[in-house]
Structures are given as structure tokens and as C-alpha cells.
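Biologist: I'd like to learn how to read a model like this one. Could you take me through it, feature by feature?

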Amino acid sequence: MDMKPIFEALEKAAAKSSAPDDGDFVKDGLLYCGKCFTPKQCRVELFGEIRTPFCLCKCAAEKRDAEEAERKRVEKMQEVQKLRRLGFPDAELSRWTFDNDDGTDEKLSTAARNYVANFAEMKKRGKGLLLFGKVGTGKTFASACIANALIDKGVPCLVTNFARLVNTIAGMYDGKQDYIDGLNRFDLLVIDDLASERDTEYMGEIVQNIIDSRYRAGLPLIVTTNLTSDELKHPQEIRKQRIYSRLFEMCVPLEVKHKDRRKEKLIADFDEMNALLGLNAADEA
Ligand SMILES: [Zn+2]
């Protein structure tokens, strides 16, 4: 096949789209850019002839690179938005980020941030967190912050709870196991509020199935629960013993004890309402 006419056609096409701009000039037989003063043509030997095809000058190449970088940035942003929508069935939690962390629990904040920083290693070892402690201590907040920070890095995460998962699965005619195994497309699975779901045989079976599937895949899981250390370590039922001991195997347990954020918020709300109504504590006394 004779390549020469093909190259000539390409050259002609490039020449057409490379009309000189104002300020461009010719030096030593090559066209130069009037803005960056670098050549818009290069000299090559092709089929025994010296040719001068058009090329990108420095500023045109920089413009192309900047456009490419911008395109990639937008693409990544859209990907992250998609991951966040998918990862937070409860949209409220998608707004919980480290930026909103009031730092009341330094130990928890540090562990959560370090978990994100070391996620590659955590994932490799299939290690998650088991955050346990009283209601309102910020366990859900910390796990949502972790998921949000990882999603920012393009890591697929899902933040949900057993009640929601079981509802979804119970409504399925078939494909239940496929759905459960499908959860493994998320690098991190966060399941909020273990043991707050209805305590039935059926529920327990699904909870165990979800945890086992994650375990088999060697992928990390973050679980939050209001259960105490004693309840986690010495459950009465055999099934719970199995589930909890597997959780201890898969997760680093972290007891979260701190002031009751919900109670604090209630008190703050109460004070605000009193102020709005022109009441104050002194009047009541
Ligand atoms: Zn230029």
C-alpha cells in the first residue's frame, strides 16, 4: 500500500485547520506563533523529502492540556456525585463530612481520619471498624464522614442499615443472594445500627448472610451499634454469637463513649425555643 498519498492528504487537512493567526510569522521557512514564539510547523524527512507538517506551538499544546485536565476534572466530579448518590440512600448522611466534625470526640475523629488515610491497607486486610456505644455518641456521624471522604477519592462506598437491607431483600421474589453478593461491588460497606432491626429468625438469617458474604469477599465492613461490650461479647443466642464473633474478626472494635449529642441538641433546642418565646429558666423557678 502506498502511504505517501495518505500522508499528503493528512498534511493538507492539517494545513487547512492551521490557518495562521494574527501576529504569526515565518522564520527559516517555518511558521511561528506570534504569542509564544515557538514553531507551528516542524521539519521532518519523509519518503526522502523534507516536509514541514503543522504541529502545536507551546501555547496551543498548553491550551489542549488544560482542556484535557478540565475534562478529566469534570468527569471525576460527575463520577464522585454518582458515587455519593448511590452510596447514600439516606441523602441526609451524605452531608456529614469531616468539615462538620466538632471534634468533641478526639479519639473517634482521629481513628476515623486515619481509617481513610490508610484505607488501601485496611481494604487489603479486609479490616473495618465496629463502633459501639450509647445512642447519640456520633458513631453514625463518624462512619458517614469516612464514607464521604473515601467517595471524594473515588472509592465506592455504601452507607445503609440492616433494616433497609432486609426490607429490600424481603421484597425480592428471587435473586436475593445475587443482591447480597452485589453489595461487594462497594469497597466499603457501612451498616448503621446493628441490632436495632426487628429481632426475628428471618432478620438474623439475612444479617448473618450479609456479613458472611462480605467476609468471604475479604472486604471491609463498618458496623455501628448501641450494644455494649458485654452484649457483643456474651450474647445468649448461638446465631448472635456467630455474627458478633465474626464481626470482631473483621473489624477493629472501638467503644465510643462521649456526651450524648442528641440530648445536647435537645437542650440547645429547648433553650432556643424558650428564648424565642421570651421565657427563661429563672421565670420557672
Ligand atoms: Zn503559541
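This is a predicted model: local features need pLDDT of at least 70, side-chain atom pairs count only at pLDDT 80 or more; totals for chains, interfaces and linings use all residues.

Biologist: What span should the 17 residues of α8 have?

Modeller: The expected span is 1.5 Å times one less than the number of residues. For α8 (residues 201-217) that gives 24 Å, and the end C-alpha atoms are 24 Å apart, which agrees.

Biologist: Which residues of α8 are buried?

Modeller: Buried means under 20% relative accessible area, exposed means over 50%, and partly exposed is in between (1.4 Å probe, protein chains only). In α8 the buried ones are Met 203, Gly 204, Ile 206, Val 207, Gln 208, Ile 210, Ile 211, Asp 212, Ser 213 and Arg 214. Their cover includes α6 (162-170), α7 (176-182), β7, β8 and α10 (238-250), going by contact, meaning heavy atoms within 4.5 Å.

Biologist: Let's move to the strands. Is β5 enclosed or open?

Modeller: In a regular strand, side chains alternate between the two faces of the sheet. Strand β5 (residues 128-132) has five of its five residues buried, so the rest of the structure largely encloses it. On one side sit Gly 128, Leu 130 and Phe 132, on the other Leu 129 and Leu 131, and all are buried.

Biologist: Which strands does β5 pair with?

Modeller: Two strands pair if DSSP finds at least two bridges between them. β5 runs parallel to β9 (residues 251-255), joined by five bridges, and Leu 130 faces Pro 253 there. It also runs parallel to β8, with four bridges; there Leu 131 is partnered with Thr 224.

Biologist: And which neighbours does β7 have?

Modeller: β7 (residues 188-194) has six of its seven residues buried. Five bridges tie it in parallel to β6 (residues 157-161), and four bridges tie it, also in parallel, to β8 (residues 221-225). Val 190 of β7 links the picture up: it is the bridge partner of Val 159 and stands opposite Ile 222 in β8.

Biologist: How far apart are the centres of the two domains?

Modeller: Domain bounds come from an automatic or database assignment. Here that gives domain 1 (4-56) and domain 2 (77-264), whose centres, taken over C-alpha atoms, are 60 Å apart.

Biologist: Now the aromatic rings. How many pairs are there?

Modeller: Rings of Phe, Tyr and Trp (its six-membered ring) pair if their centres lie within 6.5 Å; planes under 30 degrees apart are stacked, over 60 edge-to-face, the rest tilted. That rule finds four aromatic pairs. Take Phe 25 and Phe 37: their ring centres are 6.4 Å apart and their planes are at 40 degrees, so the pair is tilted. Phe 25 is in strand β1 (residues 25-27) and Phe 37 in the loop between β2 (30-32) and β3 (44-46), so this pair ties together parts twelve residues apart in sequence. Phe 25 is partly exposed at 30% relative accessibility, and Phe 37 is exposed at 55%.

Now Trp 96 and Phe 141: with centres 5.8 Å apart and planes at 45 degrees, this pair is tilted too. Trp 96 lies in the loop between α2 (58-87) and α3 (106-117), and Phe 141 in helix α5 (residues 139-152), so the parts tied together are 45 residues apart in sequence. Trp 96 is partly exposed at 25%, while Phe 141 is buried at 15%.

Biologist: Which residues do ring pairs link into a cluster?

Modeller: Phe 25, Tyr 32 and Phe 37.

Biologist: Which charges sit over rings?

Modeller: The test asks for NZ of Lys or CZ of Arg within 6 Å of the ring centre and within 35 degrees of the ring normal. Lys 27 lies over the face of Tyr 32, 4.9 Å from the ring centre. Another case is Arg 246, whose charged end is over the ring of Tyr 215, 3.6 Å from its centre.

Biologist: Back to phi: what about Asp 28?

Modeller: Asp 28 has a positive phi near 50 degrees without being a glycine. It is in the loop between β1 and β2 and is exposed, at 60% relative accessible area. Asp 193 has a positive phi too, about 65 degrees, but is found in strand β7 and is partly exposed at 27%.

Definitions and conventions. Residues are numbered from 1 along each chain as its sequence is written. Side-chain values use heavy atoms; hydrogens and water are left out. Helices (H or I, at least four residues) and strands (E, at least two) are DSSP runs, numbered from the N terminus.
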